Amino acid sequence: MDCIPVILSGGVGSRLWPLSRQAHPKQFMRLTPEGKSLLQQTWQRLQGLPQLQPPVVVANEAHRFLVAEQFQELGVTPTRILLEPIGRNTAPAITVAALYVTEVLASDALLLVLPADHFIQDVAHFQWGLQRGFSAAAQDWLVTFGIAPTSPHTGYGYIRRGESLSDPDTYRVAEFVEKPDLATAEAYLAEGNYLWNSGMFLFRAQSFLAELAQQQPQILDYCRLALRQGREDLDFIRLAKEPFDQCPNLSVDYGLMEKTQKAAVVPLDCGWSDVGSWSSLWEIMPKDAWGNSCRGDVLVYNSKDCFVQSQHRLVALAGVDNLMVVETADAILIAHRNAAQQVKEVVEQLQARNRREAYNHRVIYRPWGYYDAIDAGHRFQVKRITVKPGASLSLQQHHHRAEHWIVVSGTAEVTCNGKTFLLTENESTYIPVGAVHRLANPGKIPLEMIEVQSGSYLGEDDIVRFEDRYGRQTE
């Protein structure tokens, strides 16, 4: 039976601020020594499984080009990328994927549901556990994977396993329990019959939908409408906004797995982490003899058990213990490792104040490349722009700003008011207010250039698009 991974890539990862932000969350970042993003690792660790098919990815529509580009780097074309107009938790996300597989692909494949932002150290044991789940899933069990706990963790939900099924190393789920307090978690660990809830699942597409029809018919109805009324856009399917907005906001655990009589669990001991906080990242990262995990330009003296990450400048620590220090271009986090879960509240405070740092990095990624807003002041802004080989920005116009373009390296193809010409290193041009213009990179290497904007209004929404190969309207 075919196995189609369903990769859920809608998370924000606010506890990993300031590195993870709403516009560029943790699943797209290369946080671990493997050199690939968490999303890319999610796919790579499945290689070698029998009858493995390309994935169906469910993602926030704002991240669509990030998803496509990261799979392109791996040489993989997803079966489909389904775009959510709004986050509605895991039950609707899994439902639209299951409906796509059954109604569009006309398949009853096994669906392997995986969050895009987890880390697993022992891939061989992970695949061993998946193989244990295939047999039970083929017999209509809705299989989840429980992680053998290594500590009385209070940040995870737990699964109490019941009697053994006929398949080896597979058990009936006796109970799902919410995140416990410390005393309860210690009791779970001592009893030995509880597992961390990993949020990974395996089941036949039809089995999942049949059970959902009994337990959550509203979710099924609204998701079916959202898929059928959705529209294709390049390599994506945009789910229809109105029916998806009305869909109940429920996790698959609460909405279905806690209610069904068909839930089974396979225990895993594979070095799993949900990378849910800086403290959990510290746990899986290499450390020095004093327990410090450091990345970037970092100097640590007479300190222990610290997590330090620097992106742009020297960060020095002296005489401190158990700290998390994360430096980015526009924000620095300093917190005690025991306060790792409170970073989410910091982000909520930033959002309440409408601070840009809660949503965007200084570097903004676009399907054609990215730009870094390196300076700004009254009536001016300076950006460093990188355009990928063969890529181009939209044919566009601004009503309130003029732009000066200076090529640092590579070749720029410039269109301005109907004229097209080339610029090379150390050459520049001027784009007047109101000019219809386009920037493209016809070369084989990245185009690096400096853009100086000047005018009465410099917002990103001062743009009129006439042509855009990426189908964008406003971004």
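User: What makes the second largest pocket a pocket, and which residues lie nearest its centre?

Analyst: A pocket is an open set of points on a 1 Å grid over the protein atoms alone, with protein on both sides within 12 Å along at least five of seven lines, and its lining residues have an atom within 4 Å of a point. By that criterion 21 residues line the second largest pocket, and Ala68, Glu69, Gln72, Asp235 and Phe236 lie nearest its centre. The space in this pocket comes to about 470 Å³, where a volume is the space filled by probe spheres set on the points, which are joined across faces, edges and corners. The model is predicted: local features need pLDDT of at least 70 and side-chain atom pairs count only at pLDDT 80 or more, whereas totals for chains, interfaces and linings use all residues. Residues are numbered from 1 along each chain as its sequence is written, and side-chain values use heavy atoms, with hydrogens and water left out.

User: Which element gives the most to the lining of the second largest pocket?

Analyst: Helix 2 does, with five residues. Helix 2 (64–73) and strand 3 (80–84) each supply at least two lining residues; helices (H or I, at least four residues) and strands (E, at least two) are DSSP runs, numbered from the N terminus.

User: What makes the largest cavity a cavity, and what is its volume?

Analyst: In a cavity, a 1.4 Å probe fits but cannot get out. The search of the whole structure finds two cavities of 30 Å³ or more, and the largest has a volume of about 270 Å³. Its lining comprises 22 residues, with Trp368, Leu393, Gln396, Arg401 and Glu460 nearest the centre.

User: How many residues of the lining of the largest cavity are charged?

Analyst: Ten are charged, beside seven nonpolar and five polar residues. Asp, Glu, Lys and Arg count as charged, Ala, Val, Leu, Ile, Met, Phe, Trp, Tyr, Cys and Pro as nonpolar, and the others, Gly among them, as polar.

User: Why are strand 24 and strand 29 called paired?

Analyst: Two strands pair if DSSP finds at least two bridges between them. Strand 24 (residues 401–409) and strand 29 (residues 447–455) have eight bridges in the antiparallel sense, so they meet the definition. Arg401 has Gly455 of strand 29 as its bridge partner. Both strands belong to an open sheet of six strands in the order 20-21-22-29-24-27.
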